[in-house]
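Here is a short briefing to keep beside the model while you look around. Please have the sequence and the 3D view open together.

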Amino acid sequence: MRIFTYGSLLDDSIRSRVLNKSVDGHIDTLKGYKLSNHTVLPYPTIIPFKGGTVYGKVFDVTSEDLEKLDRYETQYYTKINVLLDSGKESLVYIDSNQ
């Protein structure tokens with residue numbers, strides 16, 4: 001599985017603390033979305049936007065890693081499947097209120 005990150009999980013120390021291990025990723029982009037303010041939290045989210053591009057990193061994760069990430073992102077985010085510019089399919093977290 002893969003997860004595309006664009007916010008706090010880009011920070012190596014935060015990601016390592018959440019996952020209890022170091023995970024290296026690759027730079028990638030997601031077209032058709034843009035960064036936006038979350039409707040509840042003071043953190044970013046992404047929303048569909050024609051012509052938009054979100055810059056971030058994609059990481060290979062295990063199902064155990066995803067459980068840890070779900071707890072970190074809380075019920076205020078949900079995962080969707082996307083196709084990155086690299087051609088890789090990935091999960092990404094977006095605002096649950098979208």
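Predicted model: local features only at pLDDT ≥ 70, side-chain atom pairs only at ≥ 80, totals over all residues.

Residues are numbered from 1 along each chain as its sequence is written, and side-chain values use heavy atoms, with hydrogens and water left out. Helices (H or I, at least four residues) and strands (E, at least two) are DSSP runs numbered from the N terminus.

**Nonpolar core**

- The largest nonpolar core holds 24 residues, and Ile3, Phe4, Leu30, Ile46 and Leu69 have the most contacts inside it.
- A nonpolar core here is a set of buried Ala, Val, Leu, Ile, Met, Phe, Trp, Tyr and Cys residues joined through side-chain atoms within 4.5 Å; buried means under 20% relative accessible area, exposed over 50%, and partly exposed in between (1.4 Å probe, protein chains only).
- Two or more residues of this core come from each of strand 1, helix 1 (12-19), strand 2 (26-37), strand 3 (44-60), helix 2, strand 4 (77-83) and strand 5 (89-95).
- Leaving aside neighbours within four places in sequence, leucine 69 is in contact with Ile3, Leu9, Val18, Leu19, Val61 and Tyr93, where contact means heavy atoms within 4.5 Å.

**Pocket and cavity**

- On a 1 Å grid over the protein atoms alone, a cavity is a set of points where a 1.4 Å probe fits but cannot get out, while a pocket is an open set with protein on both sides within 12 Å along at least five of seven lines; lining residues have an atom within 4 Å of a point.
- Grid points are joined across faces, edges and corners, and a volume is the space filled by probe spheres set on the points.
- The largest pocket contains about 260 Å³ of space; 16 residues line this pocket, and Ser8, Tyr43, Tyr72, Glu73 and Tyr77 are the closest to its centre.
- Strand 1 (2-5) and helix 2 (63-73) each supply at least two residues of the pocket lining, with the largest share, three residues, coming from strand 1.
- By type, the pocket lining has 11 nonpolar, four polar and one charged residue, counting Ala, Val, Leu, Ile, Met, Phe, Trp, Tyr, Cys and Pro as nonpolar, Asp, Glu, Lys and Arg as charged, and the others, Gly among them, as polar.
- The structure has one cavity of 30 Å³ or more, and the residues lining the largest cavity include Ile3, Leu9, Arg15 and Leu69.
- Seven nonpolar residues, one polar and one charged make up the lining of the largest cavity.

**Salt bridges**

- The whole structure has six salt bridges, each a side-chain nitrogen of Lys or Arg within 4 Å of a carboxyl oxygen of Asp or Glu.
- Aspartate 85 and lysine 31 pair at 3.1 Å, N to O; aspartate 85 is in the loop between strand 4 and strand 5 and lysine 31 in strand 2, 54 residues apart.
- Glutamate 64 and lysine 68 form a salt bridge at 3.4 Å, N to O, and both lie in helix 2, four residues apart, about one turn of the helix.
- Glutamate 64 is partly exposed at 48% relative accessibility, whereas lysine 68 is buried at 15%.
- Aspartate 70 and lysine 79 also form a salt bridge, with the closest N and O atoms 2.8 Å apart; aspartate 70 is partly exposed at 30%, and lysine 79 is partly exposed at 29%.
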